[in-house]
Amino acid sequence: MSIQQAKPEASRRKFLTGAAAAATGAAALGFPMIAKSQAPIVIKMQGAWSSTDIFNEMAMEFVKRVNEMSGGRLKVDYLVGGAVVKSFEVTDAVSKGVLDAGHTVPVYWYGKSKVASLFGSGPINGMDAFQTLSWIYRGGGLELYNELLRKIDLNYVGFFANPMPTQPLGWFKKPITNASQLKGLKYRTVGLAADLFQEMGSKVTQLPGGEIIPALERGVIDAFEFNNPTSDSRFGAQDVIKNYELGSFHQAMEFFEIILNKKKWDAMPKDLQAIWRYGVEATSQSNYWTAMANYPEDLQKLIHKDKVNVLRTPKSVFEAQLKAWDVLTKRLSDADPFFARVVESQRAWAKNVCPYWFLNDAEFKMGYEHVFKTKLPS
């Protein structure tokens, strides 16, 4: 190697040595150094849903949005129901830090307080899920929810997404043509809907979705509801029972509850908190689009492929439910002033919101029947 060839290498070593010394000197003088990239904040989230449920796909819509918007600084890892804890145990697991986050519904922890069910289904006041979600975010509902969490020492923050379509009355061995047929029926539902059907004379069992069909096959229940045609068909309801009735007042205004351990939340930078919060809002609309892309199509499959007898719930059942809600709401409000506060807050919002909706909404059913020259059940 010639002397001329060695000079560039020597110069490079001299430059690197000098640069290192300069960097050390800069640090000593208090000049900022370029920070190394930090590892992402990892959030372990579990859903409350069986492995085949479309609700897992809806949860992943939230996960995808948060992960992408955070630019790698936040990484949410999603697990299906039962991966760490059972579906009804997600709330406690997040509160205690066993899980960092959960994707669930408030009716799954109403055993801690029946008020919980008011944030996911409850007494009928004229509002649907969209209007009830507006109460949560604009009518004081979220503040009452947070007050409830403090009252019963649940150590997490929660947000709400996906105003769900009205849930069907459910699946029955024989069609329900009159409310009197619900008396003595062994029926699966959850939350305050359980109290409602008990008030109507049913014998209620509360189960997560993944346990419904085994319970039906063992005779623990005779009939059940879960949520929608897609979820119901994915766990095989149509294979064991053939009468499916749409429309009900038992869970007419539900949405997902997306929860995060309070310690994890408090340690999260403000911009990531904003991404989480606004990610819930974006997911809320995305989930509804996903529902509309699946529920109607799967209902048609149930009718035409699986030969399910799909019926509209008779008005006598709606009327009986309203009467039962009146009795139940008064009883629970008299027993718990906080329950009464939440009910009155919802009613105040409904009294203002609903007249605008009812007076202004177009006769869409009329339009459908006109265009497609058909007559839908009423």
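**Notes on pockets and aromatic pairs**

1. Let me start with the second largest pocket: 21 residues line it, and Tyr 137, Leu 142, Asn 146, Gly 158 and Phe 159 are the ones that lie nearest its centre. Bear in mind that this is a predicted model. The volume of this second largest pocket comes out at about 490 Å³.

2. Where does the lining of the second largest pocket come from? At least two residues each are supplied by α4 (129–138), α5 (141–151), β4 (156–161) and α11. Strand β4 gives the largest share, with five residues. By class, the lining of the second largest pocket splits into ten nonpolar, five polar and six charged residues.

3. Now the largest pocket, which holds about 2,200 Å³ of space. Its lining runs to 41 residues; nearest the centre of the largest pocket are Thr 166, Gly 247, Arg 312, Lys 365 and Leu 376.

4. Which elements each supply at least two residues of the lining of the largest pocket? They are α11 (270–304), β11 (309–312), α12 (315–335), α13 (337–360) and α14 (364–372). Helix α11 contributes the largest share here, seven residues. Worth a look on screen: α11 also supplies at least two residues to the lining of the second largest pocket.

5. On to the rings. The structure has 21 aromatic pairs. Take Phe 55 and Phe 256: their ring centres are 4.9 Å apart and the planes sit at 85°, so I'd call this pair edge-to-face. Phe 55 belongs to helix α2 (residues 54–69) and Phe 256 to strand β10 (residues 256–261), so the pair ties together parts that are 201 residues apart in sequence. Phe 55 and Phe 256 are both buried.

6. Phe 172 and Tyr 187 make another pair, with ring centres 6.2 Å apart and planes at 15°, so this one counts as stacked. The sequence span here is 15 residues, because Phe 172 is in strand β5 (residues 170–172) and Tyr 187 in strand β6 (residues 186–188). Are these two buried or exposed? Phe 172 is buried, at 2% relative accessible area, and Tyr 187 is buried too, at 0% relative accessibility.

7. There is also a cluster to trace. Ring pairs link Trp 49, Phe 55, Phe 88, Tyr 108, Trp 171, Phe 224, Phe 226, Phe 235, Tyr 244 and Phe 256. So the edge-to-face pair of Phe 55 and Phe 256 from point 5 has both its members in this cluster.

8. Two charges over rings deserve a mention. Lys 151 has its charged end over the ring of Phe 338, 5.1 Å from the ring centre. For Arg 277, the charged end sits over the ring of Tyr 278, at 5.0 Å from the centre.

9. Last, His 250. Where is His 250? In the loop between β9 (243–246) and β10. His 250 counts as buried, because its relative accessibility is 0%, and the cut-off for buried is under 20%.

Conventions. Residues are numbered from 1 along each chain as its sequence is written. This is a predicted model: local features need pLDDT of at least 70, side-chain atom pairs count only at pLDDT 80 or more; totals for chains, interfaces and linings use all residues. Side-chain values use heavy atoms; hydrogens and water are left out. On a 1 Å grid over the protein atoms alone, a cavity is a set of points where a 1.4 Å probe fits but cannot get out, and a pocket is an open set with protein on both sides within 12 Å along at least five of seven lines; lining residues have an atom within 4 Å of a point. Grid points are joined across faces, edges and corners, and a volume is the space filled by probe spheres set on the points. Helices (H or I, at least four residues) and strands (E, at least two) are DSSP runs, numbered from the N terminus. Ala, Val, Leu, Ile, Met, Phe, Trp, Tyr, Cys and Pro count as nonpolar, Asp, Glu, Lys and Arg as charged, and the others, Gly among them, as polar. Rings of Phe, Tyr and Trp (its six-membered ring) pair if their centres lie within 6.5 Å; planes under 30 degrees apart count as stacked, over 60 as edge-to-face and the rest as tilted. Buried means under 20% relative accessible area, exposed over 50%, partly exposed in between (1.4 Å probe, protein chains only). A charge sits over a ring if NZ of Lys or CZ of Arg is within 6 Å of the ring centre and within 35 degrees of the ring normal.
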